[in-house]
Amino acid sequence: MQCTSKTRIGVIFPDDGAFPYELTDHRLITNWLADHNMKNIEYILCLQQCETPASLAATEVELCEYWAAENALSAAARQLGNKGCHSVVFACTSAGFFGGIQYAQRQVQLISESAGALASSTSMAFLAALDVLGVKRVDILSPYDPEITELFVNFLSDVGISVGSVGHMRQPPSGRAFDIDCAAELAEFTSLTPPSTDPILIPCTSVSSLKCAEYFEAISGRAVITANQVTLWHALVLAGLTPSIADASSFLRSCLQMRGAALPLQI
């Protein structure tokens, strides 16, 4: 592992083409970290390469299996380990939870062993965040189809997290989650669900959220926990960091000052 004066966090992101996803925008993430008093953190991205085209996947579950290919994940994790990353997170939520909790745990173990560093996935980061916060019940606003959404509900249920209301975002004309008007979907979801103090989970890393966290919570009137938030949060705490972040959602303000999830969650 290379020596570095900076703390390096590594993220593996599925390489599906040329969409400007939030977690693949190195400048945006670097600026976000700097804006939140984390200038000494280096963000290292590895775009995951698979041997066969994603277009061959006939169903959403097959697409999850495609992105979860162990050889591709292991190769990406080794690259990040060789670059001196202190932690590594696989940033594809559905490719972590679709196989259940034991599958997700084995996946994280593979990544950790390949990288030579503590590791997580966005799915496991959700569980770790809810564990730190002591949350046992959530609502879900999902950009996935009903089958994949149900697998996420089951994943949470396996660790004792109950799910109240479930909303499905309308797909935009492009068919890309990246283009969803998340604020509008959140406003409609909140208006149609019973009043609650339970957090709302938005579980897809294709949905931009880092710069909208406070706005989302203003719309909903309660905590909103998104995939990109937990991905970066768990990467930070696994690297041994506990900075205090202002203006970055109630979730991050609370969690980043706690050390309860500094190690991978054990179920």
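Helices (H or I, at least four residues) and strands (E, at least two) are DSSP runs, numbered from the N terminus. This is a predicted model, in which local features need pLDDT of at least 70, side-chain atom pairs count only at pLDDT 80 or more, and totals for chains, interfaces and linings use all residues. Residues are numbered from 1 along each chain as its sequence is written, and side-chain values use heavy atoms, with hydrogens and water left out.

**View 1. Helix 6 and the residue that follows.** Helix 6 covers residues 122-133, and 10 of its 12 residues are buried (under 20% relative accessible area, with exposed over 50% and partly exposed in between; 1.4 Å probe, protein chains only). Among the buried residues are Met124, Phe126, Leu127, Leu130 and Val132. Just after this helix, Gly134 has a positive phi of about 75 degrees.

View 2. The strands are arranged in the order 2-1-3-4 with parallel pairing, where two strands pair if DSSP finds at least two bridges between them. Strand 2 (41-48) and strand 4 (118-121) stand at the edges with a single partner strand each, so one side of each has no neighbour in the sheet.

**View 3. Strands 3 and 4 with the helices on them.** Strand 3 (residues 87-90) pairs with strand 4 in the parallel sense over four bridges, and Val88 has Ala119 of strand 4 as its bridge partner. Helix 6 packs on the sheet, touching strand 3 and strand 4 (contact means heavy atoms within 4.5 Å). The direction of helix 6 makes about 95 degrees with that of strand 4 (axes are lines fitted to C-alpha atoms, for helices over the stretch in contact, and angles run from 0 to 180 degrees between N-to-C directions). Helix 5 (residues 101-115) lies across strand 1 (7-14), strand 3 and strand 4, and runs at about 145 degrees to strand 4.

Note on methods:
Expected span 1.5 Å × (residues − 1).
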